[in-house]
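These are my notebook entries on a structure that I opened today. I record below what I looked up, entry by entry.

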Amino acid sequence: MHDQLPAAALPKPAPGLFWNPYLQIFFTVLLTAAAQILLKVGADHSASDNSVWSWLGLAELGSGITWLGILAFVASFGGWLYALRFLPLGLAFALTNGVHIFVPLGSWLFLGEHISLLRGSGILIIIVGIVLLAQSVAKVEEKV
Amino acid sequence: MSLTAWLLVIISQLALVAGQIFLKRAMSRREHGGEKARGWIGTLTIGIATMTVWFLLWLGVMHQVELSKLMPLEGISPLLIVLGAAAFLHERLNWRGWAGVGLTCVGVLLVSAS
């Protein structure tokens with residue numbers, strides 16, 4: 001696997017804000033977080049019995065909300081593949097940790113779940129980490 | 001954790017790293033065009049298949065192992081991806097990038113542990 005070009009030779013995305021790969025990573029993160037929450041709501045809405053269907057997670061497929069969650073997952077994969085065309089894998093993957101910020105926040109907003117001090121501290125540390133990653137990108141692009 | 005569970009965890013994490021590297025290679029090939037673009041769909045398919053293996057193994061492990069023991073492994077996956085990308089894609093991070101990856105790993109560990 002030696003076909004990776006140096007940063008200076010990485011391909012440029014099409015002009016326009018929507019095609020910015022970092023914005024696409026942000027969409028990926030938002031859609032993944034939405035998918036997780038929709039799947040949770042879908043699972044709660046579906047019948048909770050002890051049948052084989054329920055145990056295999058197939059009972060949840062009867063809920064429209066679950067299908068919305070699956071749709072959000074598929075859409076997030078599209079954004080991820082687009083971003084991979086332009087960004088280094090290690091950086092892009094680390095940025096997707098934003099999911100761990102939006103899932104607890106969404107669960108708090110929409111599901112009424114509690115954010116503990118430990119979880120809140122973890123979210124803050126992830127935010128600092130992502131800011132550092134963003135700064136590292138800015139430094140690399142300055143050099144290019 | 002039993003030896004089988006450890007083995008499943010290690011294979012699933014390797015599948016995650018390998019799957020993401022295949023996806024990245026496929027999309028880079030597609031973008032560069034020309035000779036290199038040939039076969040990108042094949043590489044993409046291998047990537048998706050490897051990610052499917054990771055997902056199924058991870059689900060299997062989650063059935064067998066307590067979540068609290070698995071969460072640290074989820075936390076270190078960004079680090080494994082960065083190491084894999086450095087080894088196979090020759091990607092390099094500056095110190096801010098490494099610090100960012102380290103902090104996000106710690107943050108994910110805390111969120112997962114709470």
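Which hand does the crossing of α1(A) and α3(A) have? I find that the crossing of α1(A) and α3(A) is left-handed; a crossing is called left-handed if the near helix is turned anticlockwise from the far one by less than a right angle, and right-handed if clockwise.

Basis. I note that the model is predicted, that local features need pLDDT of at least 70 and side-chain atom pairs pLDDT 80 or more, and that totals for chains, interfaces and linings use all residues. Residues are numbered from 1 along each chain as its sequence is written, while chains are lettered from A and ligands numbered from 1 in the order of writing.

Entry, the helix pair. I looked up the axes of α1 (residues 21–45) and α3 in chain A: they come within 7 Å and cross at roughly 160°. Axes are lines fitted to C-alpha atoms, for helices over the stretch in contact, with angles from 0 to 180 degrees between N-to-C directions. Therefore α1(A) is roughly antiparallel to α3(A) (over 145 degrees). The contact of α1(A) with α3(A) comprises 17 nonpolar, nine polar and no charged residues. Here Ala, Val, Leu, Ile, Met, Phe, Trp, Tyr, Cys and Pro are nonpolar, Asp, Glu, Lys and Arg charged, and the others, Gly among them, polar.

Entry, the chain. In chain A I count six helices and zero strands, as DSSP runs numbered from the N terminus (helices H or I, at least four residues; strands E, at least two). Of the 144 residues in chain A, 37% are buried, that is, have 20 or more other C-beta atoms within 10 Å of their own, with C-beta atoms placed from the backbone. Among contacts in chain A with a separation of 6 or more, 72% join residues 24 or more positions apart; a contact requires C-beta atoms, placed from the backbone, within 7 Å.

Entry, the interface. The contact between the chains draws 33 residues from chain A and 35 residues from chain B. On the side of chain A that touches chain B, α3 (64–84), α4 (89–95), α5 (99–111) and α6 (117–143) each supply at least two residues. The most come from α6(A), with 16 residues. By class, that side of chain A has 19 nonpolar, 10 polar and four charged residues.

Entry, one loop residue. I located A:Glu113 in the loop between α5 and α6 of chain A. Is A:Glu113 buried or partly exposed? A:Glu113 counts as partly exposed because it has 16 C-beta neighbours inside 10 Å, between the limits of 12 or fewer for exposed and 20 or more for buried. Leaving out residues up to four places away in sequence, A:Glu113 touches A:Ser107 and A:Trp108.

Terms used:
Two residues are in contact if their C-beta atoms, placed from the backbone, lie within 7 Å. Angles under 35 degrees count as roughly parallel, over 145 as roughly antiparallel, 65 to 115 as roughly perpendicular and the rest as oblique.
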